[in-house]
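Dear colleague,

I am handing over the structure we spoke about, and I would be grateful if you could look through it with the notes below at hand.

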Amino acid sequence: MKQEEEELIHNTTSSSEDSNPCPICLGPIVQDSYLDKCLHKFCYNCIVHWTKVVTSKHSYKLSSVKCPLCKMENFSVIHGFDGSSFQHYYINQNFENGGFILTKAHKYRLQCYYTEPGFVGDIFKVSRYWKSFKYLQPNCWLQSWLKREIQALIQEEDVEVIMHHILGVINSFMRRNDQYSRSRTPEAKEEEFQALISDAARPFLAARTERFVNEMELFLASGLNIEAYDAVYKQRLGWSAPGVTSETTGGLSEQRPIIPYLYIFDEDSDGTD
Amino acid sequence: MQASRARLFKEYKEVQREKVADPDIQLACDDTNIFKWTALIKGPSETPYEGGVFQLAFAVPEQYPLQPPQVRFLTKIFHPNVHFKTGEICLDILKNAWSPAWTLQSVCRAIIALMAHPEPDSPLNCDSGNLLRSGDIRGFHSMARMYTRLAAMPKKG
């Protein structure tokens with residue numbers, strides 16, 4: 001903040017006129033940010049401060065803010081564009097629940113959804129998971145994994161209800177497999193599982209549902225805890241993974257752009273016999 | 001606090017540069033306090049304020065530009081949306097419709113526009129508003145003209 005102002009003052013005194021200053025501070029734009037509908041450009045701090053001023057004036061929950069320039073209703077601030085990805089600052093969300101900004105761990109999970117399906121299929125064997133009845137052992141890390149995954153996908157902090165809903169469906173499915181004979185093929189069981197989870201998750205995850213189910217299967221098949229699972233995944237993504245650091249300072253992310261579809265694997269390692 | 005100073009300093013620079021460009025507005029900053037400004041604006045033509053020069057006083061809050069500046073007329077003016085005694089101005093952009101994209105310069109332009117297009121339905125000066133609402137355009141014009149002559153034009157001889 002301080003530095004930004006010094007830069008501002010320095011810029012004015014040196015009489016170098018910027019052609020496209022921020023409409024709020026009138027200085028050169030720091031951390032390019034755009035409103036999501038009209039795409040007018042501001043400094044990140046300037047426009048976020050303004051949305052906070054506007055929302056604090058209303059007793060009810062505002063979900064949009066008028067653009068200071070054109071008065072169009074906007075729902076989020078787009079920022080942190082690094083050439084391949086960007087972040088959203090949602091107007092009501094950040095004001096209402098004290099600012100849920102995706103952590104680095106969430107961002108990495110989202111990044112996974114932009115890779116080819118089967119991206120880590122050669123490491124985590126889903127078919128073996130079903131064939132060898134591994135699903136009969138409860139996975140104690142699943143709850144935390146689910147929570148983070150849903151948070152990342154719907155970009156909301158409070159996902160308890162959705163998480164428990166999906167977890168409930170999974171648990172009752174596993175229990176049912178306990179009771180009944182193991183007459184059905186692993187493939188049929190997997191299919192039934194996928195269909196059940198899809199139905200449970202679709203109202204919340206929409207188009208991301210299928211991939212979400214696949215990712216969950218991969219996590220279950222890995223048999224790893226979250227830390228170990230992340231390490232494997234991140235290595236594959238090309239992230240230098242020093243462990244899961246959660247930075248919530250809404251500033252710049254050090255997220256390095258990775259090229260999706262970098263690795264394409266043969267499907268045979270994951271196929272049925 | 002610091003952000004408002006930096007922004008006002010920017011505006012000050014801009015005003016110095018634009019002085020020639022907008023002959024109807026002369027903005028000046030207090031020598032000792034960057035949060036106090038005055039402006040001289042020319043009454044728009046084809047209005048009873050034509051030929052008058054009106055002085056405005058700006059008090060800029062520390063949260064500027066997230067909060068609007070307080071503006072009032074120092075020169076007496078007969079206008080439905082200006083308080084006759086205090087010079088207070090009823091203008092939406094100075095209250096609810098404020099946007100940080102406004103500058104002191106553009107606020108002056110908005111006030112000039114308000115002088116040319118009064119809103120008699122939200123009056124601060126009821127006498128003036130009633131004249132316009134009752135359709136007594138001539139009565140309004142002669143009152144406004146008289147006060148322009150008395151207060152906003154150089155005394156003759």
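What follows is a short account of what was found in it.

Please keep in mind throughout that this is a predicted model.

I begin with the position that carries an annotation. UniProt, in an unreviewed entry, lists Cys90(B) under "active site". In the model, Cys90(B) is found in chain B, in the loop that runs between β4 (70-73) and α2 (104-116). Cys90(B) counts as partly exposed, because it has 17 C-beta neighbours inside 10 Å, and a residue needs 20 or more to be buried and 12 or fewer to be exposed. Once residues up to four places away in sequence are set aside, Cys90(B) touches Asn81(B), Ser122(B) and Leu124(B).

The loop between β4 and α2 of chain B also holds Ser99(B). With 19 C-beta neighbours inside 10 Å, Ser99(B) counts as partly exposed. Although Ser99(B) and Pro68(B) are 31 residues apart in sequence, their C-alpha atoms are 7.8 Å apart in space.

The helix I looked at in detail is α4 of chain B, which covers residues 137-152. This helix has 16 residues and reaches 21 Å from its first C-alpha to its last, which is close to the 22 Å expected at 1.5 Å a residue. Its buried residues are Phe140(B), Ala144(B), Tyr147(B), Thr148(B) and Ala152(B). Seen down the axis of α4(B), these buried residues fall within an arc of 110 degrees, and therefore they line one face of the helix. An α-helix has 3.6 residues a turn, so residues three or four places apart point the same way.

Chain A has ten helices and six strands, and 29% of its 273 residues count as buried. If one considers the contacts in chain A between residues at least 6 apart in sequence, 63% of them join residues at least 24 apart.

Finally, where the two chains meet, 13 residues of chain B are in contact with 14 residues of chain A. On the chain B side of this contact, the residues divide into seven nonpolar, two polar and four charged.

Terms used. Residues numbered from 1 in each chain as written. Chains lettered and ligands numbered in written order. Predicted model: local features only at pLDDT ≥ 70, side-chain atom pairs only at ≥ 80, totals over all residues. UniProt positions renumbered as here; feature names shortened; annotations may be inferred. Helix = DSSP H or I, 4+ residues; strand = E, 2+ residues; numbered from the N terminus. Contact = placed C-beta atoms within 7 Å. Nonpolar A, V, L, I, M, F, W, Y, C, P; charged D, E, K, R; others polar. Expected span 1.5 Å × (residues − 1). Arc of directions from axis to C-beta.
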